[in-house]
Amino acid sequence: MTNTKTDIATDTTADNAPKATADNAAKATAKATADNAPKAKAGAPLGRSAVYKILTTGYVGSTGPGVAATVSYVSDAGRHFVFDPGMVASHADILGPLAELGLGPEDITDVVLSHHHPDNTMNVGLFGRARVHDHKVEYRGDQWTNRDAEGYELTPSLRLIRTPGHSHEDITLLAGTDSGVVAFAGDLWWHAEGPADDPVAPDREVLRASRLRVLAAADLIVPGHGGPFAAAGTVPV
C-alpha cells in the first residue's frame, strides 16, 4: 500500500509539472511584454492611431517677416482636424498642403483652437462645415454645446487638456501616434526657445505649471509659431 501511494503521488506530480511549467512560462512572457510595452504618459490618450502633418510652420517678428501661426492637420477614427488655422501669408499655405493629402476645406470635420488670439484663429472660416472646439464649447453652424475641454476625448487617440498660461483659455491637443504622444500646444511655447518669459502671459507661475504638465505628457511638442521640438530637458519652462 505504501508503495502504491508513493506511485500515485509520483504520477500526480508528474501530471501537474507540465501545466505548472506552462503557467509559469505564460506569466513570465506576460510580465516581459508588460515591462517592455511603452509606458503611458500622464494624461495622454490611450490610443496610438492618430497621424499628423504640419501644414505650415509659423514665425514671429524675430524669426520671420511678420507673424504666422503653425497650422497642423491631425487625423484619427475617420475624422480630419485642423489645429490653430491662424494668420498666414496666403490661404495657400494651409489649403495647398491639405490638397496634397487629397483633402479640401469641406473634408475637415473639426477645428481646434488653442486660444482666441487672432493670430491663431484668423482663418477658421475656411472650414465652414467643421465643428470648432475651444476650452469650453463646441460650435457648429448655429449650434452651441457647452463642455469642459479638460480631459475631453475627441477620439480614442485625441484628447484635450486645459493648459492656461499664455492666456486664461489655453488648451492643448494631445495626439497618440505610433511614434509617441504629440502635444499641439498653441502659444504655451511660441517656438523651441520659449520665450522663457512670455510677455503676454497673465501669470508666469500658471504658465510654468502648464508647460511642465505638457512636458510630462508628450514626446514631441508643436508650438504656436515654430517647428516641432522634443519634450526634453532643454525646453524653457
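1. A183 touches T172, L173, L174, V214, A218, L220, I221 and V222, leaving aside residues up to four places away in sequence; contact here means heavy atoms within 4.5 Å. A183 is also among the residues with the most contacts inside the largest nonpolar core, together with L174, L188, W189, V214 and I221. That core has 17 residues. Helix 4 gives the largest share of this core, 4 residues, and strand 11 and helix 4 each supply at least two. A second, separate core has 16 residues and includes I54, V112, I171 and L173. A nonpolar core is a set of buried Ala, Val, Leu, Ile, Met, Phe, Trp, Tyr and Cys residues joined through side-chain atoms within 4.5 Å.

2. On the basis of the note: this is a predicted model, in which local features need pLDDT of at least 70 and side-chain atom pairs count only at pLDDT 80 or more, while totals for chains, interfaces and linings use all residues. Residues are numbered from 1 along each chain as its sequence is written, and side-chain values use heavy atoms, with hydrogens and water left out.

3. Overall content. The protein chain has 4 helices and 13 strands. Helices (H or I, at least four residues) and strands (E, at least two) are DSSP runs, numbered from the N terminus. Of the 237 residues of the protein chain, 44% count as buried; buried means under 20% relative accessible area, exposed over 50%, and partly exposed in between (1.4 Å probe, protein chains only). Among contacts between residues at least 6 apart in sequence, 56% join residues at least 24 apart.

4. Strand 10. With 7 of its 7 residues buried, strand 10 is largely enclosed by the rest of the structure. Both of its faces are covered: I171, L173, A175 and T177 are buried on one side, and T172, L174 and G176 on the other. Of these residues, L174 belongs to the largest core, whereas I171 and L173 are in the second, separate core.

5. Pairing of strand 10. Strand 9 (residues 158-162) pairs with strand 10 in the antiparallel sense over 5 bridges, and T172 of strand 10 is the bridge partner of I161. Strand 10 and strand 11 also run antiparallel, joined by 5 bridges. Here L174 stands opposite A183 of strand 11. Strands count as paired if DSSP finds at least two bridges between them.

6. Helix 4. This helix (residues 204-217) has 14 residues and reaches 20 Å from its first C-alpha to its last, close to the 20 Å expected at 1.5 Å a residue; the expected span is 1.5 Å times one less than the number of residues. Its buried residues are L207, S210, R211, V214, L215 and A217. They cover an arc of only 165 degrees around the axis, which puts them on the same side of helix 4; the arc is that of the directions from the helix axis to the C-beta atoms. The buried residues of helix 4 pack against strand 10 (171-177), strand 11 (180-186) and strand 12 (220-223). At the N-terminal end, D203 caps helix 4, with a side-chain oxygen 3.0 Å from the backbone nitrogen of E205.

7. Helix 2. I94, P97 and L98 are the buried residues of helix 2 (residues 92-100). Viewed down the axis of helix 2, these residues fall within an arc of 105 degrees, so they line one face of the helix. Their cover includes strand 1 (51-56), strand 2 (71-76) and strand 3 (79-83). Just after helix 2, G102 takes a positive phi of about 80 degrees.

8. Backbone points to check by eye. The peptide bond from G194 to P195 is cis, with omega near -5 degrees; P195 lies in the loop between strand 11 and helix 4. A77, in the loop between strand 2 and strand 3, has phi near 55 degrees, a positive value in a residue other than glycine. D84, in the loop between strand 3 and helix 2, likewise is not a glycine and has a positive phi of about 55 degrees. Are these two residues buried or exposed? A77 is exposed, with a relative accessible area of 59%, whereas D84 is buried, at 1%.

How values were computed:
Polar contact = N/O pair within 3.5 Å; in protein donor to acceptor, adjacent residues only side chain to side chain.
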